Amino acid sequence: MEKEEIYKHINDIEVRTSLMRGIKSYAIRNNVLDDNQKKSVEAYFPEYAVVFKDEFTDPRTLFVDPSKPVIIEIGFGMGTSTEIIARERKDYNYLCLEVYLQGFVRLLKAVGEEKMPNIKLMRFNAVDVLEHMIPDNSIDGFHIFFPDPWPKKKHHKRRLIQKDFVNLLAKKLKKGGYLYLVTDWEEYAEWMIEILSGEELLFNPYECYAPPREWRPRTKFEQKGLDKDYKINEIWFVKR
């Protein structure tokens, strides 16, 4: 893949975002790369990144070992926990979506240097990827850790977790597949529980919040919340 083509794909989300209408749960920011970051992109993008295509693709075929279950992570930030989880849970493949360029490049560099065959990255809007690339009943799990809570009431419409989006996630899950969400914003956690409980394709195997998964590491971001006495709320729903 030529450099021009790499940067066309990596910046495609910014072009599309400028043309998109409607409410978005994210904002494009800090999209300037230094020379070292550009070297990482050029070295590792062709092998470890997936480009957006307006056609359905069996997600298993994106990975070296297509026999492994596929997990999609939406909004991995800097990718610290993603990297740890994928390293320790090697029996799963991870398709990781993020629009934040700095985080995308950091994880791409880590994955490339460690040669981690069970991670693929996309810098693209998750809704577009799910609607246009991912077939129904094809995903084994979704991870959404600490999505932006948009705490002001007037901004609640920007929250990622909405009725239609949850229904989209549920359709993409296989039977028995899981949806794993984590937030340190109490009111948003209650919002999530209410919306997920209203999705008929999903059920909550717990009375309310789920116990922590020992394989999800605590990040610096999470620790900052704990230092402020924020409660970490873990939510786990399963497809019927």
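1. Helix H4, residues 80–88, lies across strands S1, S2, S3 and S4. The direction of H4 runs at about 170 degrees to that of S2. The model is a predicted one, and the points below should be read with that in mind.

2. Helix H7 also packs on the sheet, where it touches S1, S4, S5, S6 and S7. Its direction makes about 140 degrees with that of S5.

3. The sheet itself is open and has seven strands, in the order S3-S2-S1-S4-S5-S7-S6, with mixed pairing. Strand S3 (119–122) and strand S6 (202–203) are at the edges; each has a single partner strand, so one side of each is left without a neighbour in the sheet.

4. Within the sheet, S5 and S7 run antiparallel and are joined by six bridges. Tyr178 stands opposite Val238 in S7.

5. The largest nonpolar core has 36 residues, and Ile74 and Ile161 touch the most other members. At least two residues of this core come from each of strands S1 (70–74), S2 (93–97), S4 (139–145), S5 (173–183) and S7 (233–239), and likewise from each of helices H6 (126–132), H7 (163–172) and H8 (186–197).

6. Leaving aside residues up to four places away in sequence, Ile74 touches Leu97, Ala126, Leu130, Phe142, His143, Ile144, Leu160, Phe165 and Leu169.

7. There is also a second, separate core, of 33 residues. Among its members are Ile6, Val41, Phe104 and Val105.

Conventions:
Residues numbered from 1 in each chain as written. Predicted model: local features only at pLDDT ≥ 70, side-chain atom pairs only at ≥ 80, totals over all residues. Heavy atoms only, no water. Core = buried A, V, L, I, M, F, W, Y, C linked by side-chain atoms within 4.5 Å. Buried < 20%, exposed > 50% of the residue type's maximum accessible area, 1.4 Å probe, protein only. Helix = DSSP H or I, 4+ residues; strand = E, 2+ residues; numbered from the N terminus. Contact = heavy atoms within 4.5 Å. Pairing = 2+ DSSP bridges. Axes fitted to C-alpha atoms, helices over the stretch in contact; angles between N-to-C directions.
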